[in-house]
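Here's a quick briefing to read with the model open beside you. Follow along strand by strand and helix by helix, and try to spot each feature yourself.

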Amino acid sequence: MNSAITNSLSNLCKTMNIPFSSNPQSYLLLILLIFSQSPIISSRNLVLNQQQQQFNNGAGDGDDSLTYIWPLPWQHTSGNKTLTVNPNLSLVTSGNGSNSLIVSEAFDRYKKIIFKHTSSKLPGTGIDYDLNKLSVVVHSDNEELQLGVDESYTLMVAAADKLSIVGEITIEADSVYGALRGLETLSQLCAFDYGNKSVKLYNAPWYIQDKPRFKYRGLMLDTSRHYLPMEIIKQVIESMSYAKLNVLHWHIIDEESFPLEVPTYPNLWKGAYTKWERYTVDDASEIVNFAKMRGINVMAEVDVPGHAESWGTGYPDLWPSASCKEPLDVSKNFTFDLISGILSDMRKIFPFELFHLGGDEVHTDCWTSTPHVNQWLQDQNMTGKDAYKYFVLRAQEIAVALNWTPVNWEETFNSFPESLNNETVVHNWLGSGVCPKAVAKGFRCIFSNQGVWYLDHLDVPWDSVYYADPLEGITDSSEQKLVLGGEVCMWGETADASNVQQTIWPRAAAAAERLWSEADSASSRNTSVLPRLEYFRCLLTRRGVQAAPVQNFYARSPPTGTGSCYAQ
């Protein structure tokens, strides 16, 4: 296409508030969208405000024309047409990533979600459907999943009309992981019409240009306080992909139990609750691969030197004494040899560049009160606080030698920031104000303020979760870039396989939108948030996720009476 046409098309897009793509493969659908006879609604807020009015007028109990998207896309335009989608929707891939199994398997998963209620007796041919093909363009064949991978995508739905016979859906992305995010958005645009038993896509044509606000959008899952079976972990990962979360922080072990197999030190998992509540190396690898297929990294955590009493069940020499079992014995080289063995074995399982070394809630009384450890401290001219720093830094050295970037809970930064490895990622949890201090010193930071983003705090309402912002108190743009994002934490003291999902959802979705969408989506003027979150909660339940009502005073509590899913 020559430069004059390119400039004209770009200018026309600007006048209609449609993001312009210079990629030639986007031109056709852009022209169809622009010259469609249906009016384009160019204001995101206008679309959502109209839907809000429909919802308030009672449409929410049965009007499938409502099109709520969660998390809110970066930019989008839409029209007023309703299109039918062929249950035999075909996939056509192109670009360097056209042969990706990640894309093709995701298409099959989403096709089952979208057409769940479509009868197999209904013909896929012989009926004049509006949308018959999904084209997915992936420009890169690099499927390495690391922090900051490109998750942006463009989604276009063009309606056939008098100007064109083409009715088509196109997702364009630089990486397969952007294509995954686009497939999720597409699935939320489609709704089953119970009247004529077909799938419809409302408010077409659509042009969505989307990208995440933060590169790290996490959920921490604790499998030490209560063991979670493999299937439950997979269900959590699957549900994370619906909200476009991209990091599972797997808090595998803690003082209560050590369920993970470590081949170099095979007695460690004697610290599991029972012989049935364990994860083999193959189990852990399966979780990592399952997550990767959904664009989700797995960051493992080995919390040292505290929270490690269970380690001594298999290796009692790790305890300072039989009556004083944590922190791990700082005076013995065996302790660090064993940590090196654990991390070396885990490096073969977890390819993600970040590794969490814990470092929180370390009480050194056990060291100073145990004779042989106290003698070692005196010989090294160390206090308990000095030994805490020594332990954390030595563990960091082990992780860095294995080509991991260390992540530590904020106590390490609060205690000895000048000594931490320069690449350390500080993980905030105790309260506000830590990320501003960390980034001011040049460290990267992850936000998990327990007052708003700890999911085991059941009295934190959805709006407190939603309006919390990882950039609070940080105004310098260079420092803002050091905030990787944030993470909601599902500590497991009072959650197991029976209730973990309803404890996570829907409040985790509130944080997910904060981490994905532009900051202005949190504006108090945006009245669409609650109805969209309620709608997304019901989307989760339709997909088999046991998400609790949005507005109950205590999270994960059941409904207080009869009524629609969309009014809870």
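Helices (H or I, at least four residues) and strands (E, at least two) are DSSP runs, numbered from the N terminus, and two strands pair if DSSP finds at least two bridges between them. This is a predicted model, where local features need pLDDT of at least 70 and side-chain atom pairs count only at pLDDT 80 or more, while totals for chains, interfaces and linings use all residues. Residues are numbered from 1 along each chain as its sequence is written, and side-chain values use heavy atoms, with hydrogens and water left out.

**Strand S5 and its partners**

- Strands S3 (residues 131-138) and S5 run parallel and are joined by 5 bridges.
- Strand S4 (residues 153-158) pairs with S5 in the antiparallel sense, also over 5 bridges, and here Ala-158 stands opposite Glu-168.
- Is S5 (residues 168-173) mostly covered or mostly open? It's covered: 6 of its 6 residues are buried, where buried means under 20% relative accessible area, exposed over 50%, and partly exposed in between (1.4 Å probe, protein chains only).
- Glu-168, Thr-170 and Glu-172 point one way from S5, while Ile-169, Ile-171 and Ala-173 point the other way, and all are buried.

**The whole sheet**

- S5 belongs to an open sheet of 8 strands with mixed pairing, in the order S1-S8-S4-S5-S3-S2-S7-S6.
- At the edges sit S1 and strand S6 (190-193), each pairing on one side only.
- On average, neighbouring strands of this sheet are turned by 30 degrees against each other, direction ignored.
- Strand S2 (residues 81-94) runs parallel to S3, with 6 bridges joining them, and Val-85 stands opposite Leu-131 in S3.
- Helix H4 packs on the sheet, touching S2, S3, S6 and strand S7 (198-204), and its direction makes about 160 degrees with that of S2. Contact means heavy atoms within 4.5 Å.

**Helices**

- Helices H4 (residues 101-114) and H5 (residues 176-189) pack at an angle of about 10 degrees, with their axes 10 Å apart. Axes are lines fitted to C-alpha atoms, for helices over the stretch in contact, and angles run from 0 to 180 degrees between N-to-C directions.
- H4 and H5 are therefore roughly parallel to each other (angles under 35 degrees count as roughly parallel, over 145 as roughly antiparallel, 65 to 115 as roughly perpendicular and the rest as oblique).
- Among the residues making this contact are Ile-102, Ala-106 and Tyr-110 of H4, and Val-176, Leu-180 and Leu-183 of H5.
- Helix H18 (residues 507-516) is mostly covered, with 10 of its 10 residues buried. They include Arg-507, Glu-513, Arg-514 and Trp-516.

**Nonpolar cores**

- Which residues have the most contacts inside the largest nonpolar core? They are Trp-311, Phe-350 and Trp-505, in a core of 146 residues. A nonpolar core is a set of buried Ala, Val, Leu, Ile, Met, Phe, Trp, Tyr and Cys residues joined through side-chain atoms within 4.5 Å.
- Helix H11 (residues 384-401) supplies the largest share of this core, 8 residues.
- A second, separate core has 10 residues, including Leu-147, Tyr-216, Met-299 and Leu-484.
- Leaving aside neighbours within four places in sequence, Trp-505 touches residues including Ser-239, Met-240, Leu-540 and Val-545.

- Most residues other than glycine have a negative phi, and most peptide bonds are trans.
- A cis peptide bond joins Trp-70 and Pro-71, with omega about -5 degrees. Pro-71 is in the loop between helix H3 (44-56) and strand S1 (75-77).
- Another cis peptide bond joins Val-304 and Pro-305, with omega about 5 degrees. Look for Pro-305 in the loop between strand S11 (297-300) and helix H8 (333-347).
- His-307 is found in the loop between S11 and H8 too, and its phi is positive, near 55 degrees. At 9% relative accessibility, His-307 counts as buried.
- Glu-361 isn't a glycine, yet has a positive phi of about 50 degrees. At 39% relative accessibility, Glu-361 counts as partly exposed.

**The chain overall**

- The chain has 19 helices and 16 strands.
- Of its 568 residues, 60% count as buried.
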